[in-house]
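Work through the following exercises with the structure open. Each task is followed by a solution in steps.

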Amino acid sequence: GKQAGMTDVRQTVAMTYPTNILPILQAHCYKCHSAGSYKSSGSGLNFEDFSVLKAAIASGNLLNAIQHMGNVTPMPLNLPALSNCDINKIKDWINNGALNN
């Protein structure tokens, strides 16, 4: 009921980029979208650069890619989608302002 929902909100509001989001990116995105790889394999998108990550969020491309929606290449490339849990963490973090905290 309501109590569980309130607990969920507190948990997601408390999420931080280094603790909750960065590990997902490192595990699933940095193979192609890191400083060392993005020129050859990441379509020029270096997600270690927070401003690049924010631009992908602002355009909607990041969420479309990880949800396999829209006119962007589904990500991670040629691999299964991220878990619903990871996708929801990223969505909640974005909905709370996508802060670099």
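**Exercise 1: a serine in a loop**

Ser37 sits in the loop that joins helix H3 (30-33) to helix H4 (38-41); the model is a predicted one. Decide whether Ser37 is buried or exposed, and find what its side chain reaches.

Solution. 
- Step 1. The relative accessibility of Ser37 is 10%. Buried means under 20%, so Ser37 counts as buried.
- Step 2. The Ser37 side chain reaches the backbone oxygen of Tyr30 at 3.3 Å.
- Step 3. With neighbours within four places in sequence left aside, Ser37 has contacts with Tyr30, Lys31, Cys32 and Gly42.

**Exercise 2: the buried face of H5**

Identify the buried residues of helix H5 (residues 50-58) and explain how they are arranged around the helix.

Solution. 
- Step 1. The buried residues in H5 are Phe50, Leu53, Ala56 and Ile57.
- Step 2. Viewed down the axis of H5, these residues fall within an arc of 120°, so they line one face of the helix.
- Step 3. The partners of the buried H5 residues are helix H2 (17-28), helix H6 (61-66) and helix H7 (84-95).
- Step 4. After H5 comes Gly60, with a positive phi near 85°.

**Exercise 3: aromatic pairs**

Classify the ring pairs Tyr17–Phe50 and Phe50–Trp93, and state which helices they tie together.

Solution. 
- Step 1. The count of aromatic pairs is three.
- Step 2. In the pair of Tyr17 and Phe50, the ring centres are 5.0 Å apart and the planes at 80°. Planes over 60 degrees apart count as edge-to-face, so this pair is edge-to-face.
- Step 3. Tyr17 belongs to helix H2 and Phe50 to helix H5, so the pair ties together parts 33 residues apart in sequence.
- Step 4. Phe50 and Trp93 also form an edge-to-face pair, at 6.2 Å centre to centre and 75° between the planes. Trp93 lies in helix H7 and Phe50 in helix H5, so parts 43 residues apart in sequence are tied together.
- Step 5. Tyr17, Phe50 and Trp93 form one aromatic cluster.

How values were computed. Residues are numbered from 1 along each chain as its sequence is written. This is a predicted model: local features need pLDDT of at least 70, side-chain atom pairs count only at pLDDT 80 or more; totals for chains, interfaces and linings use all residues. Side-chain values use heavy atoms; hydrogens and water are left out. Buried means under 20% relative accessible area, exposed over 50%, partly exposed in between (1.4 Å probe, protein chains only). Helices (H or I, at least four residues) and strands (E, at least two) are DSSP runs, numbered from the N terminus. The arc is that of the directions from the helix axis to the C-beta atoms. Contact means heavy atoms within 4.5 Å. A polar contact is a pair of N or O atoms within 3.5 Å; within protein, one must be able to donate a hydrogen and the other to accept it, and residues adjacent in sequence count only if both atoms are side-chain atoms. Rings of Phe, Tyr and Trp (its six-membered ring) pair if their centres lie within 6.5 Å; planes under 30 degrees apart count as stacked, over 60 as edge-to-face and the rest as tilted.
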